[in-house]
Amino acid sequence: MTPNKITTIAIIGAGFSGVATALHLLKFELIKPIKVMLIDTIESFGKGLAYVTEDDNLVLNVPIGNMSLFSDQPNDFLDFCQKIDASLNSGSFVFRRIYGEYLQARLQQAKTDYPQNFIKLKDFVTGISQSNNCFILDLKSGSQVQADKVVMAFGHFQSKPLAEILPKNAINPAIDNNILLDSSWDICALDRLRTDQNVLILGAGHTAIDTLFRLVSKGVQRKIYLVSRHGYMPNGHRKAGEFIKLPILTKEIEIKVKEELKINPTIRTLFSTLRQLTKNHMAQQGNWRDVITSLRQITPEIWRGLSVKERRRFLTHIVHLWDVLRHRIAPVAMRRLDLLIASGKVEVIAGRIKQLNPDGNSINAVISLRRTNQNQEVKIGSVINCTGPNYDINRVINPLVRQLTELRILQQDELKLGFKVDEQYRCSHIQHLYYIGPMLKASHWEAIAVPELRTHALNLANILVES
Ligand SMILES: Cc1cc2nc3c(=O)[nH]c(=O)nc-3n(C[C@H](O)[C@H](O)[C@H](O)COP(=O)(O)OP(=O)(O)OC[C@H]3O[C@@H](n4cnc5c(N)ncnc54)[C@H](O)[C@@H]3O)c2cc1C
């Protein structure tokens, strides 16, 4: 940056990634003259997709102690929470709504602290071009804004529609499209479903559990089927006590895993090493979760060290297991899920939907069961797609992403996990155009949750002020 010249940095998207980048950048304001323009179209500016919810059925899946916006101020979220309830500690899990309030509170504070340097712009960016060494952003409102640097933080993309996920011809054309919900993110559509009919949720990850809790909270008698290929459900976090930091075990595991992978960088080596480490740890009364947690910091390094062939092997054979071990839910959510399954209100089915046929006012779903290959038929009122966000950019409908993909500024990685992004967070040769967000998964694998994204936000802020 040239000293004294004010550099305008536009951030497209005010979800967690955009907000964290903006707040880190503003901290540099005393050293470098900058103006940060945070642009998003949503009403609840600053909350993004994950924390916009006001539904207290939904609890964070990471304990308070790991959810600070700033990795260099690890107690920031804890302090915020303790002002609400002094008995909360770093191991507690709070409502997702509270996290949305936290993000907005920190944004508000930034507006007060840096009134000249921080602009919130409510609009939608439809295109990016360059003119005279600066970027021109076209806005849906019809106007344009200029910036010296641009950060793309446009977040998650909706999953593929059911018609593309299910086998060809699985959906009988006579079925009313309104009862096939392509996205569980549309809460209003969920609430409009008939409460006296059973529901089939496709998927069994976090999105499915969120949807399930929303549906059962409506206090109705319907039964909910959770259908996924393997029928695995997420595990819960450890039940009680402070959130445990594991520096010694982590170091030990890091060293061992890296040593083994140096000799043989394969998925087989990685998982046989992990199996052995878990066995040893549990033999000393340890918890298997500690081993998985210990791997988190070095996951990007491990991922980059694997060939595309090995990564593909992981995605084909291991990922369904990895997801349920790694992506755990809060103990209260786990307890609730266990009780729902035990009560029979929720049935978990391992299988694939073969056919959806109309049956009066309902749908008859034919599911091919994984273990027996036989069919199970269930009568339902609707199907909800909870297969999680889409990482295949060719399926994204966001007009800005479409434009940038056509210009090859955004490029898909080989495994369709996200964007190709270099170590400086650049997607292309274009100077001063950066990306941050869940599509970093392609190069880091572990990149979609707060503990990772906040570190990326800090790194990116450093790059932005230094370049
Ligand atoms: C339901 C859910 C629950 C989660 N729970 C947890 C949790 O408990 N703990 C945890 O650590 N992680 C959790 N995560 C993961 C994590 O926090 C998210 O991945 C993170 O919120 C990503 O933020 P983001 O800003 O990159 O994307 P998003 O939150 O998707 O925000 C992107 C924003 O960009 C805006 N936008 C898009 N295109 C444009 C455009 N062209 N112009 C202007 N604005 C645009 C959108 O309106 C949106 O507000 C959760 C994720 C989800 C989806």
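**Strand pairing and ligand site**

In this structure S129 has I136, a residue of β5, standing opposite. The model is predicted.

**Strand β5 and its two hairpins**

- Strand β4 (residues 125–131) pairs with β5 in the antiparallel sense, and 6 bridges connect the two.
- A hairpin is formed by β4 and β5, with 2 residues between them. In its turn, N132 has a positive phi of about 45°.
- On the pairing with strand β6 (residues 144–147), β5 runs antiparallel and is joined by 4 bridges. L137 has V145 in β6 as its bridge partner.
- β5 and β6 form a hairpin as well, with 4 residues between them. G142 in that turn has a positive phi of about 105°.
- As a general point, strands of a sheet pair through backbone hydrogen bonds, either parallel or antiparallel.

**Strand β2 and its parallel partners**

- Strand β1 (residues 7–12) and β2 run parallel and are joined by 6 bridges. Within this pairing, A10 is found opposite M37 of β2.
- Together with α1, the strands β1 and β2 make a β-α-β unit, and this unit is right-handed.
- β2 is also joined to strand β3 (residues 118–122), in parallel, by 5 bridges. Here D40 is the residue opposite K122 in β3.
- Because 6 of the 7 residues of β2 are buried, the strand is largely enclosed by the rest of the structure.

**The mixed sheet**

- An open sheet of 7 strands has the order β8-β14-β9-β10-β11-β12-β13, with mixed pairing. Its edge strands are β8 (180–181) and β13 (375–380), each of which pairs on one side only.
- Inside this order, strand β10 (residues 224–228) and strand β11 (residues 346–359) are parallel and share 5 bridges. S228 is positioned opposite A350 of β11.

**The ligand and its shell**

- There are 34 residues around the ligand, and those that come nearest are S17, D40, Y51, N61 and I448. D40 is also the residue that stands opposite K122 in β3.
- Sorted by class, the shell contains 21 nonpolar, 9 polar and 4 charged residues.
- Three elements each supply at least two residues of this shell: α1 (16–26), β2 (34–40) and α15 (450–466). The largest share, 3 residues, is from α15.
- The side chain of Y51 places an N or O atom 2.5 Å from an oxygen atom of the ligand.
- A polar side-chain atom of H156 is 2.9 Å from an oxygen atom of the ligand.
- For V450 the atom concerned is a backbone N or O, and it lies 2.9 Å from an oxygen atom of the ligand. On its own the ligand has 1000 Å² of accessible area, of which the protein covers 91%.

How values were computed. Residues numbered from 1 in each chain as written. Predicted model: local features only at pLDDT ≥ 70, side-chain atom pairs only at ≥ 80, totals over all residues. Heavy atoms only, no water. Near = heavy atom within 4 Å. Polar contact = N/O pair within 3.5 Å; in protein donor to acceptor, adjacent residues only side chain to side chain. Areas by Shrake-Rupley, 256 points an atom, 1.4 Å probe, with all protein chains shown as cover. Nonpolar A, V, L, I, M, F, W, Y, C, P; charged D, E, K, R; others polar. Buried < 20%, exposed > 50% of the residue type's maximum accessible area, 1.4 Å probe, protein only. Pairing = 2+ DSSP bridges. Right-handed = clockwise from strand over helix to strand, strands pointing away.
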